[in-house]
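Student: Could you take me through one part of this protein in detail? I would like to look closely at its aromatic rings.

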Amino acid sequence: MNLFRKNIQRMEGYVPGEQPQEPGFIKLNTNENPYPPSPRVIAALKESASNLLRLYPDPLVTKLREKTAEVLGTRPERVLVGNGSDELLGIIARAFAGPGDKIVFPSPTYLLYKTLAEIQDAQTVEVDFPEDFSLPKDVVVKGARITFLCNPNSPSGTMVWPEEVSRLAREIDGVLVIDEAYVEFADTNCLSLTEEHPNVLILRTVSKSYSLAGLRLGLCIGQEGLIQGLLKVKDSYNVDRLSMAAGVAALDDQEHLKGNVEKIRQTRSYLTESLREMGFFVYPSQSNFVFFRTPNPQAAREIYLQLKAQKILIRYVEYKRFEDCLRVSVGTREEIDAFLDRLAEVGARGQGLGVRG
C-alpha cells in the first residue's frame, strides 16, 4: 500500500551534491566559499547563544529585513527572509502554482526547480538553452504561473543581462523569479527590475558569497504586494535567532565580502585559463564555479571518478545535451592547483580524456 499522492510517488526527488563523511577531501562540488565568514559573524553567534534561545524568534525577521534593505537600497517591506533560498523557492511554488499549472525554466539549470514543480503537481515546461546559454526565444509560455531564471545560471555560470531579463518580465504572464544565488561574483545584477516590474522576485543567499552555507539563510526582494502574499505562505518562525544575528553581522561587513569575492574572481580567471590551456572548452563564468566540456560523456565520468578516488570532488551531472560537461567550484588557489595537477595526471594516464599537460 502506498499512501503518497501519485505525483509524489512518480517523482525522483532532488539529489544534493555529495557531502563526504571522511576527512581529507578537497571539496569543489557544491559551490561553497573556501574562505571563512566575517569575524563579526562569529562574534554575533557567540553573543546570541544565550538563554534567549528559550524564546521564539521574531516571526517577521525585522532586523535582518532592515539590514538587507539598507545594503540593497530598498525598503524592509520589500524583503522576505527564508531558511535558505531553497525554502523561499518552495514558498513561491506553493504560493503561485497548483496542480496542472505551468512552471517554466530554461534547461539545464538548478535541478530543484523541477522538483518543486513536481511536488505541486504542476506542469513542468523545460525550454532548452542554446549551446551558448543565451536566453531561449521560446521561454515565454502562455499561461505560465512561474518562470524561473537562475542568473548567473547553474551549472553553466553564464549570465543573461538585465536588459534581456527586463524584456522577459514584460512578456510573460505570471511571476518571474530571478535566482541570483551567485550574483555577487558577477559584473551586474537584476535588482533594479523589482522597481520596474510588479511581477519580478529576486532571490539572494548568504551561502555563497558570505560563506554561510551552514546556516541556511536566503533573501527575497520584490514589490510589497508580492512580499505580503508570500508572508501568508511561509512557516511562522522560519528563521532562528542565531541565523538572524549571523545574517545581520554578515551583511554589515561589506568589506569582508568584497575581499573574498575579489579573491574568488581572480582564482576563477586563473582556473578558466588553465583549463583552456589543457584543451577544454570553458564557458565564461559569472559565478564562483566553472563549467567545462570534455571530449565525450565517458571522459567526463572517468575524470570525475578518478579525481574522486584521489579525494578531489567536483560535480558531475548528466544534463541532457551536456553529458560531457563537468563543474568545478572555485576554491583557494592551493585547492585549484591541486585539482589542476591531479587533472593533468588523470589525462596522462587515460586515453581520450582530452587533457593536455
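Tutor: Happy to! Let's begin with Phe-148, which at 1% relative accessibility is buried, a word used for residues under 20% relative accessible area, with exposed meaning over 50% and partly exposed in between (1.4 Å probe, protein chains only). This is a predicted model, in which local features need pLDDT of at least 70 and side-chain atom pairs count only at pLDDT 80 or more, while totals for chains, interfaces and linings use all residues. Residues are numbered from 1 along each chain as its sequence is written, and side-chain values use heavy atoms, with hydrogens and water left out.

Now to the pairs. The structure has 16 aromatic pairs; rings of Phe, Tyr and Trp (its six-membered ring) pair if their centres lie within 6.5 Å, and planes under 30 degrees apart count as stacked, over 60 as edge-to-face and the rest as tilted. Phe-148 and Tyr-113 are stacked, because their ring centres are 4.6 Å apart and their planes meet at 10 degrees. Tyr-113 belongs to helix 5 (residues 112-119) and Phe-148 to strand 5 (residues 144-150), so the pair ties together parts 35 residues apart in sequence. Here helices (H or I, at least four residues) and strands (E, at least two) are DSSP runs, numbered from the N terminus. Tyr-113 is also buried, at 0% relative accessibility.

Another pair, Phe-133 with Phe-322, is tilted, with 4.9 Å from centre to centre and 35 degrees between the planes. Its partners sit 189 residues apart: Phe-133 in the loop between strand 4 (123-128) and strand 5, Phe-322 in the loop between strand 11 (312-313) and strand 12 (325-329). Phe-133 is buried at 2%, and Phe-322 is buried at 0%. Both belong to one aromatic cluster, along with Phe-129, Phe-281, Tyr-283 and Phe-291.
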